[in-house]
2 protein chains.
Amino acid sequence: MDRLFYPESVAIIGASRSPHKFGHIQVANLLRTGFRGRIYPVNPRAEEILGLRCYPSILDVPGQVDVAVVSIPAPKVPRAVEECVEKGVGFVVVISSGFREAGPEGEKLQEAMLEAIRGTETRIVGPNTTGILNAEAGFTTTFMPVWGPMREGPVSFIVQTGLFAGTLLLHILTAERFGLAKVAGLGNKCDLDETEVMEYLLEDPATEVIAMYMEGVGDGRKFMGIARRLAKEKPVLILKSGRTEAGMRAALSHTGSLAGRDEIFEAACRQCGLIRVRDFEEMLDLVKIFAMQPLPDGPRVGVASYTGAGCVIASDECLLHGLQLAEPNEERLLELGRSLPPWARPGHPIDIEPLHETVGPSGYEVALRILAEDPNVDAIMANVMALPVEIKDAPFYASPEELAGFFVKAIGPEARKPVAVCVGGDKNSVDEAMRELEEAGFPTYPSIRRAMRALAALYKYKCIREKLSRA
Amino acid sequence: MDRLFYPESVAIIGASRSPHKFGHIQVANLLRTGFRGRIYPVNPRAEEILGLRCYPSILDVPGQVDVAVVSIPAPKVPRAVEECVEKGVGFVVVISSGFREAGPEGEKLQEAMLEAIRGTETRIVGPNTTGILNAEAGFTTTFMPVWGPMREGPVSFIVQTGLFAGTLLLHILTAERFGLAKVAGLGNKCDLDETEVMEYLLEDPATEVIAMYMEGVGDGRKFMGIARRLAKEKPVLILKSGRTEAGMRAALSHTGSLAGRDEIFEAACRQCGLIRVRDFEEMLDLVKIFAMQPLPDGPRVGVASYTGAGCVIASDECLLHGLQLAEPNEERLLELGRSLPPWARPGHPIDIEPLHETVGPSGYEVALRILAEDPNVDAIMANVMALPVEIKDAPFYASPEELAGFFVKAIGPEARKPVAVCVGGDKNSVDEAMRELEEAGFPTYPSIRRAMRALAALYKYKCIREKLSRA
């Protein structure tokens with residue numbers, strides 16, 4: 001599988017000179033992402049593409065080819081796969097659609113492709129996919145433009161859809177601050193399936209968190225076996241669609257997947273220790289806290305919130321998510337009381353607003369430090385306000401950088417407890433504060449509920465891991 | 001109550017020359033928001049504030065005062081209220097904290113305030129609140145800076161917390177495209193309570209949607225009576241915190257509210273036709289679709305989605321939210337089929353991607369028009385992709401303006417069916433596309449689940465209204 005994720009040579013079958021064809025974007029991406037292997041555009045009607053020599057057929061390529069990326073019309077794909085086999089290509093990534101998901105004609109084409117690789121060492125990824133990405137190697141087969149080196153990080157995705165490239169990957173590359181390890185887009189997964197990728201990611205040192213989107217599972221028993229081994233080592237988040245009758249029908253026409261009964265899948269997830277998510281929003285919310293924060297020792301959450309309503313909502317959400325509201329050390333709270341104005345009483349959740357009256361914006365730091373140092377607190381939820389820069393001279397104003405600085409100073413790595421931050425307020429300041437906080441390693445959320453849900457997932461995984469280790 | 005929301009004269013008790021004091025921001029806001037009434041700053045140690053003559057006491061103000069806004073330390077508030085009574089002020093909005101929510105001492109101050117108004121016509125709003133806002137009149141008592149005229153619209157809020165001003169109002173003013181009618185921040189609601197404001201909003205022609213945040217309800221029977229009357233006319237969304245034991249304790253120390261058992265409140269909401277939401281995120285998601293879109297005639301949702309995975313997820317979410325997947329007219333779908341490339345089959349949900357291959361970006365328009373014109377479709381969920389401007393010459397690229405244009409052209413007001421749009425992709429393009437779509441009246445969401453949840457709320461309210469009308 002290293003040949004697939006760290007190829008030394010890649011052929012783009014269907015490489016194009018038209019800047020907007022998939023086969024052009026794929027070549028252009030590899031030139032921009034820092035890919036250091038050899039790139040062989042294949043197109044019988046071109047001499048050169050983006051300064052690279054073009055070959056009429058993959059059989060004309062001089063050296064070995066680890067990965068061939070295929071973006072040509074479906075009826076021509078089986079022949080191309082035969083040539084790849086003849087060439088000894090390791091993996092053929094078939095981007096094209098029009099196979100099993102498109103009806104009987106497509107089904108035949110998919111069979112023909114499989115026939116071509118039968119008994120050979122060549123493997124097929126897809127068809128009907130965006131393929132592979134490895135940030136570390138600067139390698140991607142996606143047909144969405146990528147503008148530079150991709151941010152490396154601990155998160156790997158296994159996905160069965162073009163939605164990943166179409167929107168989610170664009171979103172991650174332009175809006176998220178966690179980095180990517182590997183992405184495997186499996187599409188119709190006529191050959192390579194999720195279990196093999198899971199085996200690979202289990203051993204992949206770059207991968208610390210795994211997120212999956214599936215529409216159906218082929219071999220349930222095999223899937224559960226590897227899922228359990230994987231979940232014991234690394235958190236696995238899974239979004240499984242085709243949950244309802246209407247969804248199952250849609251899945252059948254999308255990736256030709258048989259979705260199976262949802263209750264059975266749900267039970268399987270519980271048994272294997274997979275963390276099931278409802279949508280991509282929840283998936284990314286959890287991915288980033290797993291990527292950025294340690295697991296908590298227990299379920300006791302300390303809360304510091306701007307405004308009393310935030311304290312009330314955070315208390316509710318804490319319990320509604322199965323966590324406990326921490327009972328911080330009384331003495332330290334009384335000490336906090338000495339920083340408060342006379343009208344305010346110390347308590348937990350800590351309302352930061354009164355602290356602003358006495359110690360200004362560093363009230364955040366005071367409150368956070370109390371929670372960070374308290375052994376009765378396993379995890380921290382902070383609700384902060386991002387104010388418009390126009391009132392930057394106000395005594396309670398903290399710039400996005402200062403806000404992040406308070407967290408860094410109050411909660412060092414030695415605290416070894418996870419933090420989730422809800423940020424609200426002025427739109428531009430919220431965007432900036434979220435960026436600053438996440439660059440400093442603190443995951444941010446637009447609502448208290450979502451911040452608490454993220455902490456709950458960390459605790460859930462801690463329990464999963466303990467249970468799987470005992471078994 | 002018109003005196004409270006449309007005051008002809010406002011006194012700011014505690015007006016300040018320091019630009020960052022609440023009593024300064026309040027005066028500055030009124031000068032910027034287009035308020036046309038008289039403004040009387042009150043401060044014994046100032047001659048003039050922001051060019052306005054300052055009065056040592058409210059008793060020195062020459063004319064009548066409709067509203068007095070009080071932002072001075074709690075111990076001084078009862079005396080100020082006495083003077084307001086003597087002056088014949090209509091409403092005293094007490095911003096200051098340090099009353100019932102702060103313990104026995106504060107409780108006494110709150111009692112003293114109430115004693116001062118007993119048997120008089122003067123009413124108190126608060127204490128411990130951000131007070132009142134009326135976009136139409138350019139009137140607000142908030143202590144968060146507002147930079148210009150507030151966007152007018154159909155949405156009114158009744159809230160019991162400073163969080164509204166602290167973050168939610170800033171968020172709404174800087175990030176949301178629905179407009180505001182009235183906001184009533186009630187804080188500890190020692191005198192004016194939600195039921196009176198609800199009575200007022202029932203008759204207020206500017207208010208078409210009501211969103212409430214409550215920590216506790218005083219007179220349950222009275223609340224249910226007005227809630228039911230209100231819900232029959234206008235959708236009422238309610239976020240009630242203090243749901244759990246920990247939340248109740250926090251509510252007690254925040255606004256001194258007794259939250260009561262959550263199951264009872266839940267049952268009351270169902271009986272009165274209130275739509276309960278889990279957090280502010282859900283509240284705003286629903287507020288905007290109620291503000292921008294009509295109610296559906298039935299539960300049948302037509303889906304047009306970029307990518308097959310979007311079709312699968314939308315089908316699931318449709319059923320999981322209690323809606324039905326529409327069965328569009330077969331003939332029209334076959335007609336759609338003639339626009340598709342040979343490998344794709346027409347079906348529902350409509351996958352827009354294949355249409356991009358044949359008719360380019362206007363595939364969106366083609367798909368949306370089919371759903372808009374079909375009598376078997378009651379509501380429309382669209383999942384669109386916002387691409388980076390760098391590939392603007394690609395045949396499937398649509399700019400944010402073009403994207404919004406496709407919706408405007410395909411779904412005119414004569415369609416009389418609600419639309420919710422999920423937008424994903426490149427961050428900047430997503431932000432712009434959301435702005436363009438919402439300026440054109442189509443509410444946008446970052447996930448299919450949230451778009452479908454919003455459509456489900458419209459249908460739920462349609463059913464509520466029918467039920468309440470029959471009763």
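This short report looks at a cavity and a sheet in the predicted model above.

The model is predicted, so local features need pLDDT of at least 70, side-chain atom pairs count only at pLDDT 80 or more, and totals for chains, interfaces and linings use all residues. Residues are numbered from 1 along each chain as its sequence is written, chains are lettered from A in the order in which they are written, and side-chain values use heavy atoms, without hydrogens and water.

A cavity is a set of points, on a 1 Å grid over the protein atoms alone, where a 1.4 Å probe fits but cannot get out; lining residues have an atom within 4 Å of a point. Grid points are joined across faces, edges and corners, and a volume is the space filled by probe spheres set on the points. The structure holds six cavities of 30 Å³ or more. The largest has a volume of about 60 Å³, and its lining includes A:Ile313, A:Asp316, B:Lys240 and B:Arg278. Helix H11 (308–320) of chain A gives the most, with four residues. Helices (H or I, at least four residues) and strands (E, at least two) are DSSP runs, numbered from the N terminus.

Now the sheet in chain A, where two strands pair if DSSP finds at least two bridges between them. Seven strands form an open sheet with mixed pairing, in the order S9-S8-S11-S10-S12-S13-S14. S9 and S14 of chain A stand at the edges with a single partner strand each, so one side of each lacks a neighbour in the sheet. S8(A) and S9(A) pair in the antiparallel sense over two bridges, and A:Leu133 has A:Thr140 in S9(A) as its bridge partner.

| Strand of chain A | Residues |
|---|---|
| S8 | 132–134 |
| S9 | 139–140 |
| S14 | 275–276 |

Definitions and conventions. 1 Å grid on protein atoms, 1.4 Å probe; cavity = no way out; pocket = protein on both sides within 12 Å on 5 of 7 lines; lining within 4 Å.
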